[in-house]
Amino acid sequence: MTAMDFKPVLLWSDVLVFLLVIALTLFFYRLRRDPQTRARWGRVFSSRLGMVTFTVIMVYVGIALLDSLHFRRALPTPEGVDTTEIFYDNKVTSVLDVLLDGMGERFERTYSAPFALQSFEKSNMKDEQGDMYRGYEDLRHAGQHLSHPEAKWLNVLELSATALAWGLLAAALVVGVQWILLRGSKHPWQASWAVQTVVICLGVWLVYLSHYYHVLGTDQGGADVAYQSIKGIRTGVLLGTLSTLVMLPIAVTLGVSAGYFKGWVDDVVQYLYTTLSSIPGILLIAASVLLFQVYIDLNPDYFAIGMEKADARFIALCFILGLTSWSSLCRLIRAETLKISQLGYVQAAHAFGVGHGRILGRHILPNVVHIILITFVLDFSALVLAEAVLSYIGVGIDPSMGSWGNMINGARSELSREPAVWWTLTGAFFFMFVLVLAANLFSDLVRDAFDPRSALGRSGT
Amino acid sequence: MFAYIVRRLLYAIPILIGVNLLTFTLFFVVNSPDDMAVSQLGEKYVTPEAIDAWKRKNGYDKPLFVNAEATGAGAFTDTIFFTKSLKLFAFDFGRSESGRDITTDVSTRMWPSLAVALPSFVIGIWVNICVALMVVMFRATALDRWAVFVFVALMSISYLFYIIGGQYLVAKSWMLVPISGYDPEFQPWKFLILPVLVSVISGIGSGARWYRTLFLEEAGQDYVRTARAKGASEISILFKHILPNALIPILTGVVVLIPTLFMGSLLIESFFGIPGLGSYMLDAIRSQDFAIVRSMVFIGSILYIIGLILTDISYTWADPRVRLS
């Protein structure tokens, strides 16, 4: 029996995220057939900024998907035990962990600075005679290959050069293939290739150097900060997409029917969203999460492994965020539907005796798709930011599941130490900022391309 | 006008009843008082007697809606729904799980909240409008494009980093103000500067970007072209034509927030140790004190509805063409 045996683990959030990918692919495939939509997407991707931000978002989504392929490794059979039964590790590993080549398994005792060789804090140690003294302990996984600690930075430089060479080679391969395929394209692919090169080089550099140093240091528990920051990507991306996915059907159904049927339907829907939006959002979310937490605590036997418990809480959080945030999109769609249903072609369809279902499906829905799309991209960045705040309040992601919010929460008082422990916050800040910035810039471009009103506003200036 | 306000107030009642029913369902039906007792007492001390004692002490030992044992009106008043939910309408919030009177707590804690939130709100709007006007003055230039980029970048930074960064730079490194704390008697402004500064700066990104869009929308209107044709200077177009007209959309977004200022900010107050309603809510959430959370949900909804009514009234003031009827 080899160590390569494994058993796939399908968490509920993994299922949902792959369903989401399939749904989005189908959605965009359908949209592609519409020439007007194609022209609009063409406008988004004809700008260099559009290409760059889209590539960045895709890199994050790709990492999140790799991190959603979970499995449990088989444990090696102990010597002398004769059994054909395979036991599996309780720890759930993902494909991303394999690609990162054990980056998350190199634990230290506690804090250490980026590229440090010794622990950040003094601890009790014994010298050769066995006497106790206070000193900085050598790290277990950093700089083991060095003969002289003074040569550290030269060594870092050497390793970086090697890593960069490999990175450039890999990037050349990836970009080369695309260049052959997309040579004649009118879109500015060069911008995307530049981003890909940078990302690949950075990735290779990070994985390569993590064998010798902790590039972003370690946190209080001795875990590698760079690894944690990368693991936070899945949580952020999934939360941002799944919550919106929960919210969309409610908002669209209620909004369209309120705007189309008017009368008492409209009154009921308006009453519902006014009531919901009058409740302070954070309190509603906090209360719902706490109630769900009580449910988990009272029924511990529903969840086989710890990861499933964390996953259940995560999905509950997505649902709660979705169920509490549909009112603003619903309001927008209702207003747009009201406007559209007054237009001539809808009135004409009525006059010809076309049924409600057909009018809704063929004339109303396609004309509110742009609102849904803009909201989807815009809400994504807002949700990623909200996760950090919710984790701080204590109603966010389960602490056992890596997330930027939990990193910030654990490190927020570390800046007041002397000297300050800045690297945990820096890691979370950098990874979160890049994703949110890319999503925000991309959503601006999508809005400019799809929202006729904002396009008018621009041409008027 | 008066009739309109009365009607709006009457319209608020079904909404508040809805809020009330929703919180009641969340707190008592989804999560029964027994579950609450278990999580409050902690796993170790759970015995049926302990749960009953806890329920009796906190007044949860009654039936949910209809009390079959009581007679007359008591059948409906001697229930959890009446004592815990309907009494909120009389502003009788009862006691928190730790036994403190919620009404007293709220009325003392709202003033520190207001002391932080009101200056942040006023200065924030003023700064955002000034920045947006400046950017609009250079519209369609490279400066404008870079300004928008900076706004989006500022928006992309988590609120937590503004607070942590502000505390680190201003309070720890430069030692200009205390890191946290609040004292209403002794130089309260010293404790307020940093929270207000952090709120204002963190709001510039989204605020100024939004005002810029509003101003640009107005700048494309016909009356602006006419004003320019008759020879008005750019400055006077900006301040005399665009600004007053952009006031209406600004009011929609802003006035609704004024009453909710009393609620304070969860994050600012907890990081800076200000004893306001924001930190009150946070403590309640962290200690799972559902009585406080329920009361704050109710207060928050009332304030929001007042905000909606104020918004409508402010329309008539900003735009004489609007008549409320």
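## An open helix in chain B

Helix α10 (residues 222-229) of chain B lies largely in the open, because the number buried among its eight residues is zero. Buried means 20 or more other C-beta atoms within 10 Å of a residue's own, with C-beta atoms placed from the backbone. Helices are DSSP runs (H or I, at least four residues), and strands are E runs of at least two, numbered from the N terminus. G231(B) follows α10(B) and has a positive phi, near 95°.

## Model and numbering

This is a predicted model: local features need pLDDT of at least 70, side-chain atom pairs count only at pLDDT 80 or more, and totals for chains, interfaces and linings use all residues. Residues are numbered from 1 along each chain as its sequence is written, while chains are lettered from A and ligands numbered from 1 in the order written.

## The sheet in chain A

Chain A holds an open sheet of three strands, ordered β1-β2-β3, with antiparallel pairing. Strands pair if DSSP finds at least two bridges between them. β1 (6-9) and β3 (88-94) of chain A each have a single partner strand, so one side of each lacks a neighbour in the sheet.

Four bridges join β1(A) to β2 (residues 70-74) of chain A. V9(A) has H70(A) as its bridge partner in β2(A).

## Nonpolar cores

The largest nonpolar core has 154 residues. Such a core is a set of buried Ala, Val, Leu, Ile, Met, Phe, Trp, Tyr and Cys residues joined through C-beta atoms within 7 Å. L283(A) and A286(A) touch the most other members. Helix α7 (residues 225-261) of chain A gives this core its largest share, 17 residues.

A second, separate core of 16 residues includes V131(B), A132(B), A147(B) and I242(B).

Notes
Buried ≥ 20, exposed ≤ 12 C-beta atoms within 10 Å, placed from the backbone.
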